Amino acid sequence: MGIVIRPARSALDFEYVRRLRNANRTHLTGDGGRIGVFRQLRFWLRRPAGIDLYLAECDGRRCGYLLLRRADATTYITEVVDVRHRGRGVAREMIRFAAARHPHLSAEIFAANEVSRRLHARAGFAFAGAADGRERHVLDDAAAARAA
Ligand SMILES: CC(C)(COP(=O)(O)OP(=O)(O)OC[C@H]1O[C@@H](n2cnc3c(N)ncnc32)[C@H](O)[C@@H]1OP(=O)(O)O)[C@@H](O)C(=O)NCCC(=O)NCCS
C-alpha cells in the first residue's frame with residue numbers, strides 16, 4: 001500500500017478531518033466536543049499560526065490526518081487513522097514524517113489508550129509524566145534515529 005503524507009489544502013480536506021476527528025474524539029485529549037461545519041470552516045480560512053494539518057493518503061485516498069501544534073520547546077503531535085486502514089503502518093509513517101521535520105515531539109495520550117501508547121513507544125517516544133489520566137510521551141532527534 002502506498003502511503004503519502006501531504007498538507008491539508010482544500011475545504012474538502014478540512015471537512016474530512018472534521019468527520020474523522022469527531023468519530024475519534026473520545027480518544028483525543030483536547031477539546032472533547034463535536035466540531036461543527038462552521039467552526040471547521042473558520043479553522044480552514046484562518047489557518048492559525050503554529051498549527052500544521054496534514055492528510056495521509058492510502059493508495060491515493062484520504063485515510064487519516066496528522067496535526068502538529070508547535071510550542072516553545074516542542075511540537076505536539078496528534079494522529080488519527082480511519083478504522084478501515086489501521087494496522088498497516090499509516091500512523092508510524094505520520095510519526096516518521098513529523099520527526100523528520102521537528103527536533104522534539106510530544107504526545108498527550110489517555111492512559112487507557114493502549115494502542116496509542118504502544119504506537120508511540122514503538123516509535124521511540126519516552127514516558128515523561130502523567131496527570132489526570134493523561135500521559136505525556138516525548139521523542140527527540142536521537143531517540144527517533146534509534147527507533148528508525
Ligand atoms: C492510534 C492509531 C493512530 C494507530 O494507527 P495505525 O495506522 O493503525 O497504526 P500503525 O499501523 O502505524 O501501527 C504502528 C504501531 O502501533 C501499535 N498498534 C497499532 N494498532 C494496534 C493494535 N490494534 N493493538 C496494539 N498495538 C497496535 C503497534 O505497536 C504498531 O506497530 P507494530 O505493528 O510494529 O507492533 C489509530 O488506532 C487511531 O486512529 N486511533 C484512534 C485515535 C487515537 O487514539 N489517536 C492517537 C491520539 S494520542
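This report describes the fold, the nonpolar core, the ligand surroundings and some individual residues of a predicted model.

## Overall fold

The protein chain contains five helices and seven strands. Along the sequence, these elements follow the order β-α-α-β-β-β-α-β-α-β-β-α. The radius of gyration is 15 Å, close to the 15 Å that the globule rule gives for 148 residues, so the chain is as compact as a globular protein of that length. Its C-alpha atoms fill a box of roughly 40 × 35 × 30 Å along the principal axes.

Of the 148 residues in the protein chain, 29% are buried. Among contacts between residues at least 6 apart in sequence, 54% join residues at least 24 apart.

## The nonpolar core

In soluble globular proteins, nonpolar side chains tend to be buried together. In this model, the largest nonpolar core has 31 residues. Those with the most contacts inside this core are Ala56, Tyr65, Leu66, Val90, Met94 and Ala98. Several elements each supply at least two core residues: helix H1 (11-23), strand E2 (51-58), strand E3 (61-70), E4, H3 and E5. Helix H3 gives the most, with seven residues.

Leaving aside its neighbours within four places in sequence, Val90 is in contact with Ile3, Ala56, Cys58, Cys63, Gly64, Val81 and His85.

## Two residues compared

Val17 is found in helix H1. This residue counts as buried because 24 other C-beta atoms lie within 10 Å, and the cut-off for burial is 20 or more. Beyond its neighbours within four places in sequence, Val17 is in contact with Ala8, Leu53 and Tyr65. Val17 and Asp141 are 124 residues apart in sequence, and their C-alpha atoms are 28 Å apart in space.

Leu41 has its place in helix H2 (residues 37-46). With 14 C-beta neighbours inside 10 Å, Leu41 counts as partly exposed. From C-alpha to C-alpha, Leu41 and Tyr16 are 12 Å apart in space, with a separation of 25 residues in sequence.

## Elements that are hardly covered

Helix H2 is hardly covered, since the count of buried residues among its ten residues is zero. This helix is followed by Arg47, whose phi is positive, near 40°.

Strand E6 (residues 126-131) is likewise hardly covered: among its six residues, the count of buried ones is zero. E6 pairs with strand E7 (residues 134-140) in the antiparallel sense over four bridges. One of the bridge pairs links Ala130 to Glu135 in E7. The two strands form a hairpin with two residues between them, and Asp132 in the turn has a positive phi of about 55°.

## Surroundings of the ligand

The ligand is surrounded by 22 residues, of which the closest are His27, Arg86, Ala91, Arg92 and Leu119. The elements that give two or more residues to this shell are strand E4 (75-81), helix H3 (90-101), strand E5 (104-110) and helix H4 (114-122). Helix H4 provides the largest share, five residues.

Key:
Residues numbered from 1 in each chain as written. Predicted model: local features only at pLDDT ≥ 70, side-chain atom pairs only at ≥ 80, totals over all residues. Rg over C-alpha atoms; globule rule 2.2 N^0.38 Å. Buried ≥ 20, exposed ≤ 12 C-beta atoms within 10 Å, placed from the backbone. Contact = placed C-beta atoms within 7 Å. Near = placed C-beta within 6 Å. Core = buried A, V, L, I, M, F, W, Y, C linked by C-beta atoms within 7 Å. Pairing = 2+ DSSP bridges.
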